[in-house]
Amino acid sequence: MNKQETPTFPSRLPKVGTTVFTVMSALANEHHAINLGQGFPDFPCDRQLITHVNEAMLADHNQYPPMIGVADLRNGIAEKIQNLYGHHYDAESEITITAGGTQGIMTAVLSCVSPGDEVIIIEPAYDSYRPSIELAGGKTIAVSLEVIRDETGRVTSYQIPWDALAKAIHSKTRLIIINTPHNPTGMVWGTADLDKLANLVRNTSALILSDEVYEHMVYDGAQHHSVASHPELAARSFLISSFGKTYHVTGWKVGYVAAPPLLTKEFRKVHQFNVFTVNTPMQYGLAAYLADAKHYLNLPAFYQAKRDFFRAGLSKTDFKLLPTPGTYFQCVDYTALNIPEAKLNEADFCKWLTSKIGVAAIPVSAFYDQATESGVIRFCFAKQEQTLTNALQRLQNL
Ligand code: PMP
């Protein structure tokens, strides 16, 4: 070997490459497309939240906070969960502040999955689940949402694959990862779904990781049904959430994990050597902002207005709208468009839409390990009305 050559080694994640999100965002930049691909707001957060953070910095909250997170923030989270979902988490032994939802997920997986353990995910799935499981040495068992189609074969909705889930659970199942409201489909779990899951895991040692980062984006007067609202599930669950989604600050990367003491104890063993602590002034700022419940209680109405505006505009196109009971994503079936490109696969359709029409979207096939084509793409409507209007004008010309 040449003296200046870097030694090679087996990749820990040989299958991980550049994600479609990065590819689409780069393509969107190159073509000056309106980016409805990646999920982040294009509007500013509340100035009051920034003021709270500034005040925390000026008050010299700039050194390491406690490893488990700032007490005021953990207490605020415990109170919020108690009020919304009726479950009391002890802020000292059951709530940990994380560097966003993604770190919470990775740390939770590393803390309970041993080599050879099986972890069930439901595809289409958020892309951090699989690498987290692989790094822990676990085996990913993917079951797919059932795709419901109309008589012409077009996708109309998705359903939880109960039979496949039941078959997948056995003695090697260490963890089941669920996500409600669900990225990318927008579907939400109901109380009956939580009951069914509880029935499936009752006599097993399977734990649950419930990714609820979109918990405050549920529409039409419906409620979010958290694992925290189900005592039997709460007793075996890591509950993950993220302030990035709730307060329009995806770049701050602050979230939390609520879990019973036994799970939290193991979680923190990993957390303390994974990040140790999370950004102090942000935690103080978020704690002050969280004290006013309207900041999250107003969120459904805020995003429902955007959803309805975007759907009304899309209904003037030949895209077929899938239901969006939750999240800030709108999925559409494009196969009915009267253009040759309607025959393209999802990834190629999105590349074409971005480069030629000027609107970036994400193919739902990207959320499957083995690309599964259903003619459905995902738009993000967490955008200013003007952005949505501009995008709709382009889409209405198709
Ligand atoms: N889970 C899901 C389903 C998500 O969509 C995201 C963000 N895209 C996350 C977790 C991660 O949240 P954070 O940005 O706080 O890491």
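**Second largest cavity**

I began with the lining of the second largest cavity, which divides into five nonpolar, two polar and one charged residue. For these classes I counted Ala, Val, Leu, Ile, Met, Phe, Trp, Tyr, Cys and Pro as nonpolar, Asp, Glu, Lys and Arg as charged, and the others, Gly among them, as polar. The residues in this lining are Lys80, His216, Phe243, Thr246, Tyr247, Tyr256, Leu290 and Tyr296. I noted a volume of about 40 Å³ for this cavity.

The model is predicted: local features need pLDDT of at least 70, side-chain atom pairs count only at pLDDT 80 or more, and totals for chains, interfaces and linings use all residues. Residues are numbered from 1 along each chain as its sequence is written, and side-chain values use heavy atoms, with hydrogens and water left out.

On a 1 Å grid over the protein atoms alone, a cavity is a set of points where a 1.4 Å probe fits but cannot get out, a pocket is an open set with protein on both sides within 12 Å along at least five of seven lines, and lining residues have an atom within 4 Å of a point. Grid points are joined across faces, edges and corners, and a volume is the space filled by probe spheres set on the points.

**Largest cavity**

I looked up the largest cavity next and found about 100 Å³ of space in it. Of its 15 lining residues, Ile122, Pro124, Ile178, Asn179 and His182 are the closest to its centre. Strand E7 gives the largest share of this lining, three residues. Strands here are DSSP runs of E with at least two residues, helices are runs of H or I with at least four, and both are numbered from the N terminus.

**Largest pocket**

I recorded about 670 Å³ of space in the largest pocket. Thr19, Asp127, Ala366, Tyr368 and Asp369 are the closest to its centre among 29 lining residues. This lining has 17 nonpolar, four polar and eight charged residues.

**Ligand**

I then checked the shell around the ligand, where helix H4 (residues 100–112) gives the most, with four residues. A polar side-chain atom of Lys245 is 2.9 Å from a ligand nitrogen atom. For Lys253, a polar side-chain atom lies 2.6 Å from an oxygen atom of the ligand. Gly101 places a polar backbone atom 2.7 Å from a ligand oxygen atom.

How values were computed
Polar contact = N/O pair within 3.5 Å; in protein donor to acceptor, adjacent residues only side chain to side chain.
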